[in-house]
Amino acid sequence: MSSYIRTPPRMPAGRLDAVPWAYRTRWFRALEHEFSVRTMDPELGAYFDELFATFDVVAEPRDQGRVYSVIERSPRSRTRFGLYFDRERISIANNADLVIGYLFWHINRQVVETSGSRYVLLHAAAAERDGAAVILPARMESGKTTTVSGLLRAGFRYLTDEATAVDPDTLMIEPYRKTLSIDPGSWSVLPELRPHVPDAVAHYVRSQWHSDPRIVDPDALGSPARARLIVSPRYESGATTELEPLRPVQALLTLAENSFNLVDHGRRGLQALADVVEGCECYRLTVGDLDDAVALISDVFDRAPAEVGA
Amino acid sequence: MKPGRPDNGHGPARRAGIDPDEIDGAFVPELRSSIASVELHGEAVLLDEVTGSLHVLNAMATLVHTCFDGAGTIDELVVDLAEAFGEDVDTVREDVVALARDLGRQGLLDGVIGENELPAEPVGDEDGT
C-alpha cells in the first residue's frame, strides 16, 4: 500500500491506470450495468470476484464497461480508502466498511440509471417458483430483504432484494441478482444465510451481510418470470402476521409509488404496471414473524391461479 | 436509493388559467395532455407525466372523468350523465362541478391553475408599462 496516491475528485487520465493494482475482477452484467472492480488488496479483489458472481459473468462488455477502483493508502493516511468509478471519485474515507458500502450503493444506482430506459424499475424484492414470480414492493426498512430471504427457505428462487425490473413489452420480471444485503436486525432469523467472509477481508464488511442466495440452495438463482402475486410487506415488531387483500387500484398505486422511473416511461409504463396487476393477486402483509409471513405468502402463491382473471 | 418523483428544482410552475373555484357549469373540462389514465375494475389511477404525481379516482369520478375531453361544457355533460345515472340534473351538476374543481386543484385540468402552481406572469402593455 502506498501513501503517495492522491485522490482528487476527478483523476487525471492515465493516473488511475498507473496505480499498482493487485487484482482485477471479471466483467459482470447487472441488468444493463456492466462493470469490473480493481483493488490494491488482492484478497479484497478475490472476495469481490466471488461476491458479484450472482450477476451474469461476461467475457467482454457489450459497450465500454465501467471500472470501479478501490484505492488503499497507508494506515497513517487520514483518508485511507478511495473509491473511483472510472475517473470520478465516489468516496474517500478512513473506514473500509464505509467505502465498500458506497461501492454497493453505487452499483445499485448505476443499475437504475443504465437500465431505466429499458425497464420499469420498482423498489421491490422478488422471487420466483416454477416460472411465476412474487413481487414485494415496499419502502426502505420495511422488510423486503428479510422476507425474500425467508422465501428462499420455502423453495422460491431469488430474483432481487432491491430493484425489480419489469419489461413493459413482455411484462417479464428480469432478475437483478445482487447479493442479499442483510442488516444486523435480521441476522438472528436468517442464520443459514450467514456469509463466509475470509478473515483477511472481514474488516471491509462488518455492518451488513452480503449473502449469496446459493448458500441456501445451489439452485437458488431465479430466472425471468411473470408475476403471479404482489405482496407489499411491512415489518412490525410484535404484530400479528396477516395478509390484507388489496384492490387492483391499490396494488397499482403501491407499484407506482415504489417505482424509480415510472414518469420516464409515462403512460406506457403505467399501462404495463396495470397489466402486471391484472395478472396478480394482491395483498398487503404485516410481518410480525418471518416464518408465518413465508407460510402465508407460499399459501396464497400456490392457490393463485396461473393466470388471474382467466 | 429511493424511488420518487422528479424535481426540476425551479419552484412552482406558472400557468395561464382560472382558479379552480371559478369552475362552473359553463366551463369546458379537459384533462391535460400530460395526464395518463388507466382504469382497473372501475377505478382509475392518473399519472402526471410532467410532475410524476399520482391520483386515484373512485368509481364515480372514474366514470365522469372520461367525459372531460374538451368536447362540451359541464352543463352539457350533466344532462347526459343525469340520464345515465337516473339522477336529478342539479345534483349531478353539483357533483361534477365539485369533481372538476378537485381535479383542477390537483393540476390535472387544462386551463386551470393547480394549487401548487402560480398564475402566469402578466404580459406588459404595449406602451411598455
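**Strands, a helix and an interface: a dialogue**

In this predicted model, A165(A) stands opposite E174(A) in β12(A).

Student: What makes β11(A) and β12(A) a pair of strands?

Tutor: Two strands pair if DSSP finds at least two bridges between them. β11(A) and β12(A) have 2 bridges, in the antiparallel sense, so they meet that requirement.

Student: Why are both faces of β11(A) called covered?

Tutor: In a regular strand the side chains alternate between the two faces of the sheet. Here A163(A) and A165(A) lie on one side, T164(A) and V166(A) on the other, and all of them are buried.

Student: Why is L171(A) called buried?

Tutor: Buried means under 20% relative accessible area. L171(A) has 12%, so the term applies. This residue sits in the loop between β11 and β12 of chain A, and its phi is positive, about 65°, although it is not a glycine. Most residues other than glycine have a negative phi.

Student: What makes helix α4 of chain A mostly covered?

Tutor: The count of buried residues: 7 of its 10. Among them are V249(A), L252(A) and L255(A).

Student: Let's turn to the two chains. Why is the contact of E43(B) and R247(A) called a salt bridge?

Tutor: A side-chain nitrogen of Lys or Arg has to be within 4 Å of a carboxyl oxygen of Asp or Glu. The closest N and O atoms of E43(B) and R247(A) are 2.8 Å apart, so the pair qualifies. Between chain B and chain A the count is 2 salt bridges.

Student: Which strands of chain B supply residues to that side?

Tutor: β2 (35-40), β3 (43-48) and β4 (54-57) each supply at least two residues. By class, the side of chain B that touches chain A has 12 nonpolar, 6 polar and 4 charged residues.

Student: How big is the interface?

Tutor: The area buried between chain B and chain A is about 2000 Å², with carbon and sulfur atoms giving 74%. The contact takes 22 residues from chain B and 26 residues from chain A.

Definitions and conventions:
Residues numbered from 1 in each chain as written. Chains lettered and ligands numbered in written order. Predicted model: local features only at pLDDT ≥ 70, side-chain atom pairs only at ≥ 80, totals over all residues. Heavy atoms only, no water. Contact = heavy atoms within 4.5 Å. Buried area = accessible area lost by both parts, 1.4 Å probe. Helix = DSSP H or I, 4+ residues; strand = E, 2+ residues; numbered from the N terminus. Nonpolar A, V, L, I, M, F, W, Y, C, P; charged D, E, K, R; others polar. Buried < 20%, exposed > 50% of the residue type's maximum accessible area, 1.4 Å probe, protein only.
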